Amino acid sequence: MTFPGRQLSLFRHAPVADDGGPRRGGRVSSAGDAASDVGRYAPPAAGAAADASGLALAPLGAGGGLWSEREMAAWAPPENLTVSRHAELHRMLAHGQSAAPGPWRNTPYYTVEIMDAFTDPLVEKITIMASVQSSKTESVYNMLHYAICQDPAGALIVMPTLITLRRVNKRILTMIKDSPATASHLTGNLDDITRQQIQLDNMSLYFATAGSSSDLRNIEVRYVHLDETDEYEAGIGDQGSPIEMAEARTTTFWNRKIIHSCTPTTEDGYIAIEYNRSDRRKYFVPCPYCRGYQQLSFWRVKHAGCELGKWPKDKRDPDYIRQQRVARYECEYCGAEIDDRDKRWMLRFGTWVPELRVEGSDTAVYPIERDGSCPIPRPRPSHVGYNWSALYSPWRNFSEVAAKFFETKDDPEKYQTFVNLWLGEPWKDVARKRETAEILALKTDRPQLIVPASTIALTAGIDNQADGKWIVIRAWERDLTSHLVRNGFVETWEELEQWIFHDVYPLEDSDIVLPIWRAAIDIGGTRLEDEDETMTEQVYTWLRGPGRGVFGVRGSPKQIGGGKKMRLSVIDKMPGKGGKPIPGGLKLWLIDTAMMKNAVSARIEAGKFHLHADVDQTYARHITAEAKERNRQGKMAWAVQNRRPNHQWDAEIYAAAMADPECLGGVFVLPDPVRTQSAGGAPAAQNRQQKQQQQRGRRW
Ligand SMILES: [Zn+2]
């Protein structure tokens, strides 16, 4: 675990003693063995500066030696400092550039280890995924600052656009000018400072936009900072992603450092992908009351004096929350109400813990005990990743975060911004693309045609095509957990009627059988003026005859309005121009298919959507045929992938609509499981209808 520091410099400073004992993941461990390294913390060394400079040895050259001072300065090995120590000693923040001008202070204590990873010889890649305004960019600039002073080599800074690039170019130049330690490396030649490059006397900083391949060519650098990565373009021609291109500039350096930093966007964003590849560290802080180490979670923020998770309805006004500072953090161990004033202390004694992935499990495990000790020796990976939320920021209080939550929570787009910028978490779009294998993994041992015992009703969805009908039959529990009971394709109306009117489905482990409670068939096309008039007419005719009792449904191209997924409408004439009037009209459900698909997709994600044992590849292909994509207007919308058939997915949507509370109360109106003992049993209405059918004969 210990790393020999560089050789004691003869010319400049003695190595700074790591005075406070071992620091987690930090560079130097003076105390030695790995076991004791674990679980302790060291407050950042505040008083070490004096020791360091006090120990400086007299340069050999000063006594009339071989070299001039200038030569010695050029040949001096790097000062043996960590980035965080170096920043406190040498980095100056200018007025107007920082909330706290003056010398840099490591008060966002969580940045200490991140910065020090830069001087860890084993670390090659540092990924920083965090909330806004929480010192992540300043931490990276401290690394550059260190590089200029201690370990000069070419550096490349990549930004998503020209505008952001100019801003950053200015900011870095200001940083260099503001600290005497870096300002001394400016050449004084005006030509050495351009928008593409800052040429210092010992190294060059290159600036490039991620969109331009010419910016990234012909540069060889040891340091790369990829900033705001999630705003980058997807790729440049056939040359791979801008990230790969930038990283390729470093291949000739064995000791390269690649730093990614960004607030997250979605799980498919560059930064979330990079973070997932890293060792995924989270910051654990001790409770000021019981010393229990925990990761701060927004869901443990509460109103002072109230129960966790029960924020009073009349106290959610964001202005009130901000002004009165009513938010507190509840300790997960002792339940104490932690105040903003305790945060500084908590951060100071916090520790970064990498995630352990347990084989075959998706849940994150952190090898840290309540007392902050770590039972498992920490691995030393070459790619470290850090993630934290605004709750950790010394510049934010709990009430600001809570107020922001109440401001955004009812608007999905704003809420996503809150999750990204404040919680520092990637947005999980439940409607992500799925693989057929993921769908097949939802299969249970239950054979088809068998209804799970917990079922209260069966619904059917039918997708009507020119060559036949795709049907799914689904069993529902009261909480909208559902189980596929039967699915397939039939060619004729008679077969369809057999499935939904005559066949009954046995309840698991009993002699009870269930009929279909509700069924829905699409009337063809999303627009009534589609070319499929004859098909629509067929469905109308069927619905008014043998299919009576089945609902017609139509996907609505527009939103239904009022946040509703569906609305009942009445059709009074047959389709087409001059269509025959329909006496008494025909009831039809207009369905906002996008919302209904979101709902079903969320249930799949939540593990509330089950399949029978006999589901095949065709079903899985239909279910995965659509995915949510950003359309030309920049909105997320459902789109069919590669013109794949999606019939059973549509049928599932109709079956789900029939069970939905918005559909005349859905399964919620059923007081008790709809069950009947009789072998050919069907609810009274359908019995009556069957009788009528038999009396009328098959006229249609
Ligand atoms: Zn506690």
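**Strands, sheets and helices**

Guide: Let's start with a facing pair: isoleucine 462 stands opposite isoleucine 521 in strand 23. Please keep in mind that this is a predicted model.

Visitor: What makes strand 18 and strand 23 a pair?
Guide: Two strands pair if at least two bridges are found between them. Strand 18 and strand 23 (residues 518-522) have four bridges, and the sense is parallel, so by that definition they pair.

Visitor: Which strand is joined to strand 18 by nine bridges, and in which sense do they run, parallel or antiparallel?
Guide: That is strand 19 (residues 468-476), and the two run antiparallel. A hairpin of two residues links strand 18 to strand 19. Across this pairing, alanine 460 stands opposite isoleucine 473 in strand 19.

Visitor: Why is strand 18 called largely enclosed?
Guide: A residue is buried if 20 or more other C-beta atoms lie within 10 Å of its own. Eight of the nine residues of strand 18 (residues 457-465) are buried, so the rest of the structure largely encloses this strand.

Visitor: What makes strand 11 and strand 13 edge strands?
Guide: Three strands form an open, antiparallel sheet in the order 11-12-13. Strand 11 (301-303) and strand 13 (337-338) each have a single partner strand, so one side of each is left without a neighbour in the sheet. Strand 11 pairs with strand 12 (residues 327-330) over three bridges, in the antiparallel sense, and histidine 303 stands opposite alanine 327 in strand 12. Helix 14 (residues 398-408) packs on the sheet, touching strand 11 and strand 12, and its direction makes about 105° with that of strand 12.

Visitor: How do helix 5 and helix 6 cross?
Guide: The axes of helix 5 (residues 110-117) and helix 6 come within 9 Å and cross at roughly 40°. Their crossing is right-handed. Thr111, Ile114 and Met115 of helix 5 make the contact with Ser139, Asn142 and Met143 of helix 6. These contact residues divide into three nonpolar, three polar and no charged.

Terms used: Residues numbered from 1 in each chain as written. Predicted model: local features only at pLDDT ≥ 70, side-chain atom pairs only at ≥ 80, totals over all residues. Contact = placed C-beta atoms within 7 Å. Axes fitted to C-alpha atoms, helices over the stretch in contact; angles between N-to-C directions. Left-handed = near helix turned anticlockwise from the far one by under 90°. Nonpolar A, V, L, I, M, F, W, Y, C, P; charged D, E, K, R; others polar. Buried ≥ 20, exposed ≤ 12 C-beta atoms within 10 Å, placed from the backbone.
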